[in-house]
Amino acid sequence: MLHLIPRPLKAEELSGKCRLPEAVAVNSPFEEWSLSAFSERIKRPLTDGEWLTVTKDPALPEEEYRLHIRPEGITVTASSETGVIRALTTAAELCEEDLFPCCLIEDEPKYAHRGLHFDCSRHYFPVEEVKRVIEEISLCKMNVLHWHLTDDQGWRIESKKYPLLHETSGKWYTHDEIRDIVEFARLRGIEVVPEIDMPGHMTALLAAYPQYSCTGEKVSVGKRSGIYPIILCGGNEEIFPFLEEILCEVIPLFPSERFHIGGDEAPKSRWKKCPKCAVKMKELGLTAYEDLQGTFTARINDILKKHGKTAVCWHETLKAKNCPENIQIQHWTPMCAKQTKAYADEKKGKWIYSNTLGTYLDYPHSVTSLKKIYHTQPIFDKVSYAGDENLLGFECCIWTEHVPDRERLETRVFPRAQALAEAAWSGAGDYEDFRCRLKKTMQHSLHRDIFYTPEDWWDPRGFAAFKEAFRYFVTMNRALFAK
Ligand SMILES: [Zn+2]
């Protein structure tokens, strides 16, 4: 039996084994970078020859591939470098002690978007850790790292124009480090979508440049979790050239065609008391403060469009009646299900599914078990949207308010990210079969460097599980209401 995560569409085991040679002789019409992760994973140099033969079939979709392993070598068919990467990821996962089982695999993903959202603002994680996470998610054929780089608790992107932005927060990624991470991800077929969350979740920026809030009051970089009331002013025109300069610095670091601009949890209490916001509302003829956020989103969206980028927003953005069209929406809380549903049904807008209880990995396993993640389904008003043509895919999220270190991070993310990855690549199947493949996969040498939750805690029950869940909610509430 082939132990693969995610489960391939079609897999046939053939008799015999194929031995990995000392150097891999390759013949491929694709760019050489598509082979580099494979070469690293199997720890072999590449030379010219025919042991690994890659053929181009332009009729195949971008990520679809065929992989044929015979005793004398490996044949891969794909239409793109990404397809080659997916095929060779499968091959690397099958290789044990320098032997591959002979087989014929035809495989393609169910959804185009299979992502992990990684919060590096609440806690900063070093470059090598971000790369370790990227390598692990690429092994289960995820293709998006949604990188949450700014929030109330930290601005993690170096700014050459406004160095106070990152210096005030203390820890950040330099432009060179970001380019290095983005390239590492590209070689693994992973798109890095950066997020600068606005107009809420902006305390780190306002700690450096307080003049952009409604009151201009001095604030410190956030330390507690929860929703912060002070956000960017909705009526200050100077904000737009300022944000445009910041975006112009960040955009060239990320080749992705998408840019996430947050838009979630932006309380309007300050806007309602602000004379500048009031003037702006009057000028625009608006009556609802949510629509002032809609105007803000539209202005930022225009800046992004000038640079050829599509904006992605959390779904609260849709509370504005004047929310711009042709953005992508990321659904996360059942409280806004109505808006997401309407966006999908009426606007035919593109959206991503990240529902809290089905995809949030900061919850312990006793709250969101492996099985729950595996069976996560986009359901609105009891109707499944799994087949909606505008659903781009699934994304799981790790928020790091309570994730201070590498071990907590990795055991929270893995192997639940694998469950989400299979749900998004293959569609959820027989759960026991998945668990059995997963157990074997996580023991493979490719996963040796990662901490992951042990099997006996994947679906915890009983008093120990109750205790863990209880302790988690107490800690979370204490943190939320701390001053
Ligand atoms: Zn204001």
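Two residues are taken to be in contact if their C-beta atoms, placed from the backbone, lie within 7 Å. The model considered here is a predicted one, and the domain assignment of its chain gives domain 1, covering residues 10-107, and domain 2, covering residues 113-481. The centres of domain 1 and domain 2, taken over C-alpha atoms, are separated by 34 Å, and 10 residues of domain 1 are in contact with nine residues of domain 2. On the side of domain 1 that touches domain 2, helix H1 (36-42) and helix H2 (81-94) each supply at least two residues, and H2 gives the most, with six residues. Sorted by class, that side of domain 1 has four nonpolar, three polar and three charged residues.

The next feature to follow is a sheet. Seven strands form this open sheet, with mixed pairing, in the order E1-E7-E5-E6-E4-E2-E3. Strand E1 (10-19) and strand E3 (46-48) stand at the edges, and because each has a single partner strand, one side of each is left without a neighbour in the sheet. On average, neighbouring strands of the sheet are turned by 25° against each other, direction ignored. Within the sheet, strand E5 (residues 65-70) and strand E6 (residues 73-78) pair in the antiparallel sense over six bridges, and Arg70 stands opposite Gly73 in E6.

Two peptide bonds deserve a separate look. A cis peptide bond joins Ile5 and Pro6, with omega about -5°, and Pro6 is found in the segment before E1. The peptide bond from Phe414 to Pro415 is also cis, with omega near 5°, and Pro415 lies in the loop between helix H14 (406-413) and H15. Helix H15, which spans residues 416-425, is mostly covered, since 10 of its 10 residues are buried; among them are Arg416, Glu422 and Trp425. After H15 comes Gly427, whose phi is positive, near 90°.

Positive phi values are also found in residues other than glycine. His201, in the loop between strand E12 (191-195) and helix H6 (203-208), has a phi near 50°, and His201 counts as buried because it has 27 C-beta neighbours inside 10 Å, where 20 or more are required. Glu265, found in the loop between strand E13 (258-260) and helix H8 (269-273), has a phi near 40°. With 16 other C-beta atoms within 10 Å, Glu265 is partly exposed.

How values were computed: Residues are numbered from 1 along each chain as its sequence is written. This is a predicted model: local features need pLDDT of at least 70, side-chain atom pairs count only at pLDDT 80 or more; totals for chains, interfaces and linings use all residues. Two strands pair if DSSP finds at least two bridges between them. Helices (H or I, at least four residues) and strands (E, at least two) are DSSP runs, numbered from the N terminus. Axes are lines fitted to C-alpha atoms, for helices over the stretch in contact, and angles run from 0 to 180 degrees between N-to-C directions. A residue is buried if 20 or more other C-beta atoms lie within 10 Å of its own, exposed if 12 or fewer, and partly exposed in between; C-beta atoms are placed from the backbone. Domain bounds come from an automatic or database domain assignment. Ala, Val, Leu, Ile, Met, Phe, Trp, Tyr, Cys and Pro count as nonpolar, Asp, Glu, Lys and Arg as charged, and the others, Gly among them, as polar.
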